[in-house]
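Please take a look at the structure below.

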Amino acid sequence: MLLEATGVGRTVELPDGPPLTILSGVDLTVHEGDRLSIVGRSGSGKSTLLNLLGLMDSPTAGELRFLGHDTRALRGSTRDRLRGREIGFVFQQFNLLPGRTALENVQTPLLYSNGREFWRREQIAREILDLVGLGDRLHTRPERLSGGEQQRVAIARALVRRPRLILADEPTGALDLETGGSVMGLIEEVAGQTDAALVTITHDPAIASRSTRHFRLESGRLVPSDAGVGVGGPVGVDVGGVGTDAGVSV
Ligand SMILES: Nc1ncnc2c1ncn2[C@@H]1O[C@H](COP(=O)(O)OP(=O)(O)OP(=O)(O)O)[C@@H](O)[C@H]1O
């Protein structure tokens, strides 16, 4: 098992009011090779959940285990290393370094590796750029690439260390339908090569339907959902309590 959330919640203190509970009672297991999608209205807690799964923030309730580690007990530097090594993030905004070539962008995460991976970083970056179909644009800067190409560079950068968990936050949000579909296919292909798990947050039912396990966030609670049911789908379905393992395959 890669990741296990049990009763996870996140409450934040507000300067001028009572604490705000953004997530509560989240139970989720993620195994190698899983394909999960999470949909939810704006403000339902999607980014907050992704930040917890990505070890960017800690739960304020419950337990989150990643590769057997209790993430709340991890020291900052250990947590950073674990995140850098095992988790890849793909965002709607590609967040590439401007003024740096595709090859330089993709090599960046490898600067934090050591040994063989560090010394072979240029070769490794070339190989993955080739894989995403940009072998002939290695020395091009992001500002000269199309949106779809920029996202492919971002995918290559996110996956160059072959993370075991890929977290994609609206990865196709800035792309047209067709480009979005091919970008998603690419993420799935690279994930499939190493049996990495893929968790995709999306507003787009077509993107969500590519997953094998579907969830919806409703007012900070994670509930299993039918394939293809988007944010506008039926709400208020009683799933027998959020305290159960939400890992239902559909
Ligand atoms: N650190 C914080 N302090 C106060 N409120 C917060 C904090 N982080 C998130 N929130 C609030 O919690 C709620 C959920 O936020 P979150 O960003 O997780 O939603 P989301 O589902 O990702 O939304 P969107 O789809 O619009 O990006 C929002 O109402 C947000 O304003």
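Predicted model: local features only at pLDDT ≥ 70, side-chain atom pairs only at ≥ 80, totals over all residues.

Residues are numbered from 1 along each chain as its sequence is written. Helices (H or I, at least four residues) and strands (E, at least two) are DSSP runs, numbered from the N terminus.

**Helix α7**

- Helix α7 covers residues 177-194, which makes 18 residues. It reaches 27 Å from its first C-alpha to its last, close to the expected 26 Å. The expected span is 1.5 Å times one less than the number of residues.
- Gly180, Val183, Met184, Leu186, Ile187, Val190 and Ala191 of α7 are buried. Buried means that 20 or more other C-beta atoms lie within 10 Å of a residue's own; exposed means 12 or fewer, and partly exposed is in between, with C-beta atoms placed from the backbone.
- Seen down the axis of α7, these buried residues fall within an arc of 155°, so they line one face of the helix. The arc is that of the directions from the helix axis to the C-beta atoms.
- On the other side of α7, the exposed residues are Leu177, Glu178, Gly185, Glu189, Gly192 and Gln193.
- The cover over the buried residues of α7 includes β6 (87-91), α5 (121-131), α6 (147-159), β7 (165-169), β8 (197-201) and α8 (205-208).

- Five of the five residues of β7 are buried, so the strand is largely enclosed by the rest of the structure.
- Leu165, Leu167 and Asp169 point one way from β7, while Ile166 and Ala168 point the other way.
- In a regular strand the side chains alternate between the two faces of the sheet.
- β7 pairs with β6 in the parallel sense over five bridges. Two strands pair if DSSP finds at least two bridges between them. Phe91 stands opposite Asp169 in β7.
- β7 and β8 also run parallel, joined by five bridges. Leu198 in β8 is the bridge partner of Ile166.
- β7, α7 and β8 make a right-handed β-α-β unit. Right-handed means that, with the strands pointing away from the viewer, the path from the first strand over the helix to the second runs clockwise.

**The four-stranded sheet**

- An open sheet has four strands in the order β2-β1-β4-β5, with antiparallel pairing.
- β2 (20-30) and β5 (69-70) stand at the edges, each with a single partner strand, so one side of each is left without a neighbour in the sheet.
- Five bridges join β1 (residues 3-12) to β4 (residues 61-66). Glu4 stands opposite Arg65 in β4.
- Two residues lie between the strands in the hairpin of β4 and β5, where Leu67 takes a positive phi near 50°.

**The core**

- The largest nonpolar core has 59 residues. Such a core is a set of buried Ala, Val, Leu, Ile, Met, Phe, Trp, Tyr and Cys residues joined through C-beta atoms within 7 Å.
- Ile128, Ile155, Ala156, Ile166, Leu167 and Ile187 touch the most other members.
- Leaving aside neighbours within four places in sequence, Ile155 is in contact with Val90, Val132, Val183, Leu186, Ile187 and Val190. Contact means that two C-beta atoms, placed from the backbone, lie within 7 Å.
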